[in-house]
Amino acid sequence: MQIPQESPTGNAFLQNVNTFLGKIETGALCLIVAMMLGLAILKIVMRYVFSASLLWSDIMLQHLTLWLCFFGAALATCERRHISIDVLNRILPGSVTRWTNLVIDCIALVVVGILAYYGFLFIEDEKSSEAILIGSVPLWWAKTIIPYGLVLIGVHVVLQIGIYLTNSADTPDAIEGESD
């Protein structure tokens, strides 16, 4: 089997898209954490200063946690810091592990695709619910992160596969600074 030939322009484009999406995800994560902190502080102030409560705050915090998890998973995939089992990397020679990593990425893409499909089915089912988050915002809107977060993870996996296929043999299997 032959190692893919280098295509610097295609590789740089894919890496730039991956990095750009990672920056957007980082910004979204910062915003979500700020919203969660602000909501928690508001909840404390309302309870102890005004003896009132925000009925929707617990549900909102739960769904913000869900958003935080999916954006965090997408960012981890972007940086190739997602959960992985590196037994094969320790057993097999480097030239073989490069191809096993490609196969594993393809399997991960299939799994993420299946999960996203069922996530969209879940959202369609949730649309029939009349649950409200805040005001007139339906609760299912907060759950849309499930399928779209999985699609975002899938986009990163596709970009990682594309980066691998358009790069030469010196493509790192782990991100820079990580020990082997």
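Helices (H or I, at least four residues) and strands (E, at least two) are DSSP runs, numbered from the N terminus. This is a predicted model, in which local features need pLDDT of at least 70 and side-chain atom pairs count only at pLDDT 80 or more, while totals for chains, interfaces and linings use all residues. Residues are numbered from 1 along each chain as its sequence is written, and side-chain values use heavy atoms, with hydrogens and water left out.

**Figure 1. Overview of the elements of the protein.** The protein contains 5 helices and 2 strands, arranged from the N terminus in the order α-α-α-α-β-β-α. Of its 180 residues, 36% are buried; buried denotes under 20% relative accessible area, exposed over 50%, and partly exposed the range in between (1.4 Å probe, protein chains only). The accessible surface amounts to about 11,300 Å², with 69% belonging to carbon and sulfur atoms; accessible areas come from the Shrake-Rupley method with a 1.4 Å probe, and for residues only the protein chains shown count as cover. Among contacts (heavy atoms within 4.5 Å) with a separation of 6 or more, 81% join residues 24 or more positions apart.

**Figure 2. Loop between helix 1 and helix 2.** Ser51 is placed in the loop between helix 1 and helix 2. Its phi is near 50°, a positive value in a residue other than glycine. Most residues other than glycine have a negative phi. Ser51 is exposed, at 67% relative accessibility. Phe50 lies in the loop between helix 1 (8–48) and helix 2 (57–78) and is likewise exposed, with a relative accessible area of 54%.

**Figure 3. Nonpolar surface patch that includes Phe50.** The patch is formed by Val33, Leu37, Ile41, Ile44, Val45, Tyr48, Val49 and Phe50, which together have about 820 Å² of accessible area. Patches are made of residues with over 30% relative accessible area and no salt bridge; like charges are joined within 9 Å, and nonpolar side chains (Val, Leu, Ile, Met, Phe, Trp, Tyr) within 5 Å.

**Figure 4. Salt bridge between Arg80 and Asp105.** A salt bridge is a side-chain nitrogen of Lys or Arg within 4 Å of a carboxyl oxygen of Asp or Glu, and by this rule the count is 5. In one of these, the side chains of Arg80 and Asp105 meet at 3.2 Å, N to O. Arg80 lies in the loop between helix 2 and helix 3 (87–91) and Asp105 in helix 4 (residues 94–126), so the pair ties together parts that are 25 residues apart in sequence. Asp105 is buried, at 9% relative accessibility. Arg80 also has a positive phi of about 55°, although it is not a glycine.

Figure 5. Lys143 forms a salt bridge with Glu126, the closest N and O atoms being 3.0 Å apart. This pair links distant parts of the chain, 17 residues apart: Lys143 is in the loop between strand 2 (137–138) and helix 5 (145–165), and Glu126 is in helix 4. Both partners are buried, Lys143 at 16% relative accessibility and Glu126 with a relative accessible area of 17%. In another salt bridge, the side chains of Lys127 and Glu124 meet at 3.1 Å, N to O; Lys127 is partly exposed, at 38% relative accessibility.

**Figure 6. Helix 5 and its cover.** Helix 5 has 21 residues and reaches 29 Å from its first C-alpha to its last, close to the 30 Å expected at 1.5 Å a residue. The expected span is 1.5 Å times one less than the number of residues in the helix. Helix 5 is mostly covered, with 16 of its 21 residues buried.
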